[in-house]
Amino acid sequence: MLPASVFELTHERFSNRLKQNSLIGIREDNLRYDFAISCMEHLDIPSWRILLEQDLHKDAYHVEVNPDSKRDSNLEVDLIIDTASSACCEFSIFKKTSTGSSSATTKSTGKLIGDMIRLSLESVLSNRWAYLICITDRSMLGNQLQSKLLPVFPSDYIIDEKKLTELKNVETVWKEGKINRFESSFLRLGGTLHATIVHNKPLQNVNGDEIRLIVWSVTLSST
């Protein structure tokens, strides 16, 4: 299990970024790097123990075979800490675009839930702690699906077989989260996904917009 101090250091580093740059111009990789450096420095982890874009466990998803595509259909996890207390992480940044429009849509919720399911499966199959690490501005805060199948963002989330079936009716969420590729593995393993907020604090920002770092611990427990 990662100590809270790692997320505090990540929070501090990303806060410093916001003093120099608008969130609009900051990409997700910057969040990954801030987190990785925080782990290396605070936990004394060598750089070669931080693995980026690693293959997801082969039993976590359904492989789609497309003979007309040269692209690898394997799915990945953003970051793995390859130590005795192993962890897997996914990262997201939800923000307004440069034109001022909001990315706080059903697609964002789909990515969030898809990443949580991905992490829960990797956690069980590879015996790792799992965390979803997210930066968001006001465009996502307070957002909720029109169907109200999920609580207002950000919240703790619980997803079981019944909830997964209900989410099938929200096509954009299902498609954006690639949930169809995880469904059979999730149902086979059974249990309930719990995504619990372990860090939720505002970041400094000279532009006055509310920007937060939110971290969920993700588990898949047996019923």
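Biologist: Let's start at β5. How do β5 and strand β6 pair, and over how many bridges?

Modeller: They pair in the antiparallel sense, over 3 bridges. Strand β6 covers residues 192–202. Keep in mind that this is a predicted model.

Biologist: Which residue stands opposite H194 in β6?

Modeller: That is I158.

Biologist: And what holds paired strands together in general?

Modeller: Backbone hydrogen bonds, with the strands either parallel or antiparallel.

Biologist: Okay, zoom out. What is the order of the strands in the sheet?

Modeller: The order is β1-β2-β3-β4-β7-β6-β5. That makes an open sheet of 7 strands, with mixed pairing.

Biologist: Which are the edge strands?

Modeller: β1 (50–55) and β5 (157–159). Each of them pairs on one side only.

Biologist: By how many degrees are neighbouring strands turned against each other?

Modeller: On average by 25°, direction ignored.

Biologist: Now β4. Why is β4 described as largely enclosed?

Modeller: Buried means under 20% relative accessible area. In β4 (residues 129–136), 7 of the 8 residues are buried, so the rest of the structure largely encloses this strand.

Biologist: Is the pairing of β3 with β4 parallel or antiparallel?

Modeller: Parallel. Strand β3 (residues 87–94) is joined to β4 by 8 bridges. Within that pair, C89 stands opposite Y131 in β4.

Biologist: And how do β4 and strand β7 pair?

Modeller: In the antiparallel sense, over 6 bridges. Strand β7 spans residues 212–221. There, T136 stands opposite R212 in β7.

Biologist: What about helices? Which strands does helix α2 lie across?

Modeller: Helix α2 (residues 28–43) lies across β1, β2 (76–81), β3 and β4. It runs at about 145° to β3.

Biologist: And helix α3, which strands does that one lie across?

Modeller: Helix α3 (residues 106–126) lies across β2, β3, β4, β5, β6 and β7. Its angle to β3 is about 175°.

Biologist: Which residues line the largest cavity?

Modeller: T109, L112, M140, N143, Q144, L145, L150, P151, F153 and Y157.

Biologist: How many of the lining residues are nonpolar, polar or charged?

Modeller: The lining has 7 nonpolar and 3 polar residues, and no charged ones.

Notes
Residues numbered from 1 in each chain as written. Predicted model: local features only at pLDDT ≥ 70, side-chain atom pairs only at ≥ 80, totals over all residues. Heavy atoms only, no water. Buried < 20%, exposed > 50% of the residue type's maximum accessible area, 1.4 Å probe, protein only. Helix = DSSP H or I, 4+ residues; strand = E, 2+ residues; numbered from the N terminus. Pairing = 2+ DSSP bridges. 1 Å grid on protein atoms, 1.4 Å probe; cavity = no way out; pocket = protein on both sides within 12 Å on 5 of 7 lines; lining within 4 Å. Nonpolar A, V, L, I, M, F, W, Y, C, P; charged D, E, K, R; others polar. Axes fitted to C-alpha atoms, helices over the stretch in contact; angles between N-to-C directions. Contact = heavy atoms within 4.5 Å.
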